[in-house]
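Subject: Structure handover

Hi there,

Here is the structure I promised to pass on. Have a look at it first, and then read on for what turned up.

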Amino acid sequence: MGSDEFLDLCKKIVREYTEEHLDKTDGKVDFDVYAVWSCKALQNSKALASTSLPNGMYFECTYNGDKKELYLDAYKKFENKCIKLGGENNEI
């Protein structure tokens with residue numbers, strides 16, 4: 001599977017997953033799905049994706065070329081915290 005085909009498939013699967021898990025009382029919700037990062041090694045591919053929804057979800061798609069299987073992991077971001085390094089208190 002080529003890189004473009006893989007990314008298109010990831011976006012489709014993330015969209016379907018997201019639509020299945022939206023609150024049904026919200027009705028039809030318009031959102032974008034985009035790839036944040038991707039790579040290909042031999043016959044395997046991996047991509048990180050997210051949506052334009054403000055729900056903090058991100059997704060990892062992994063394609064196993066040997067088995068012709070795609071795995072989807074869905075994650076929720078709980079916090080984005082800046083940790084300053086260096087200076088008096090941090091020697092790193």
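A disulfide is a pair of cysteine sulfur atoms within 2.5 Å. By this rule the count here is zero disulfides. The sulfur of Cys-10 has its closest cysteine sulfur in Cys-61, but the 3.4 Å to it is too far for a bond.

Before going further, please keep in mind that this is a predicted model, where local features need pLDDT of at least 70, side-chain atom pairs count only at pLDDT 80 or more, and totals for chains, interfaces and linings use all residues. Residues are numbered from 1 along each chain as its sequence is written, and side-chain values use heavy atoms, with hydrogens and water left out.

For exposure, buried means under 20% relative accessible area, exposed over 50%, and partly exposed in between (1.4 Å probe, protein chains only). Cys-10 is buried at 2%, whereas Cys-82 is exposed at 64%.

Now the strands, which are DSSP runs of E with at least two residues, numbered from the N terminus; two of them pair if DSSP finds at least two bridges between them. Strand β1 (residues 33-41) runs antiparallel to β2 (residues 44-51), with eight bridges. One of the bridges joins Ala-41 to Asn-44 in β2. Two residues separate β1 and β2 in their hairpin, and Leu-42 in the turn has a positive phi of about 55°.

On to β3 (residues 57-64): β2 also pairs with β3 in the antiparallel sense, over six bridges. Here Leu-48 stands opposite Glu-60 of β3. The β2 and β3 hairpin has five residues between the strands, and Gly-56 has a positive phi near 75°.

Best wishes

Methods: Helices (H or I, at least four residues) and strands (E, at least two) are DSSP runs, numbered from the N terminus.
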